[in-house]
Amino acid sequence: MPARKIDLGLARTGDAAALAVMSRDYIETGLGWTYRSPKMSALIQDPNVTVLVAREDTRPVGFAMMRFGDERARLVLLAVEPARRRLGIARRMLLWLIESATTAGMASIHVELRAGNAAAHALYESVGFAETFRVPGYYQGREAAARMIHVLRAPGVAAPEWLPPAAR
């Protein structure tokens, strides 16, 4: 199925169970299951978190979650069903979140990923992230993480005033 047939939209509380299973199966494999339905539901409702869902018809086939701080955003989770990978879905979600972070005035976006996940590493680099360092044993003392950053503006420098599209 082409990526253009997949719509992006904000998560609804009713998506929590499906997103929790995706996190367990596609992100947390071998590490235990942290993002269960109640935690997902709470994150979906958290005003500082944006959960974006990729849907084929009404069924979630991918999602991305970003937590916004004062100047920094953190990409918490990103997953796409294996059968829907390499269609540009993850890239579309990342670009949507990067634009949101820019509009929100964030200085940077941070992400940690399994150091051995070459596909994710290449995806993040392709949208402007750069690796800063590796953390041995980050994942339950067993697996290293690569930390990456996407700089949107200099920290402490005020973001330009947002204007609606008609006023630009």
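Tyr 138 is partly exposed in this predicted model, at a relative accessible area of 30%.

A pair of aromatic rings is described by the distance of the centres and the angle of the planes. The count of aromatic pairs comes to two. One of them is Tyr 138 with Tyr 139, with 4.8 Å from centre to centre and 85 degrees between the planes. That angle is over 60 degrees, so the pair is edge-to-face.

Next, charges over rings. Which ring does Lys 39 lie over? The ring is that of Tyr 35, and Lys 39 lies over its face at 4.4 Å from the ring centre. There is also an arginine to mention: Arg 85 has its charged end over the ring of Tyr 26, 5.5 Å from the centre.

Strand 6 covers residues 130–139, and Ala 130 lies in it.

What is Ala 130 in contact with, once neighbours within four places in sequence are left aside? The contacts are Arg 147, Met 148 and Ile 149. As for His 110, this residue is 20 residues from Ala 130 along the chain, and 9.6 Å separates the two C-alpha atoms.

Methods:
Residues are numbered from 1 along each chain as its sequence is written. This is a predicted model: local features need pLDDT of at least 70, side-chain atom pairs count only at pLDDT 80 or more; totals for chains, interfaces and linings use all residues. Side-chain values use heavy atoms; hydrogens and water are left out. Rings of Phe, Tyr and Trp (its six-membered ring) pair if their centres lie within 6.5 Å; planes under 30 degrees apart count as stacked, over 60 as edge-to-face and the rest as tilted. Buried means under 20% relative accessible area, exposed over 50%, partly exposed in between (1.4 Å probe, protein chains only). A charge sits over a ring if NZ of Lys or CZ of Arg is within 6 Å of the ring centre and within 35 degrees of the ring normal. Helices (H or I, at least four residues) and strands (E, at least two) are DSSP runs, numbered from the N terminus. Contact means heavy atoms within 4.5 Å.
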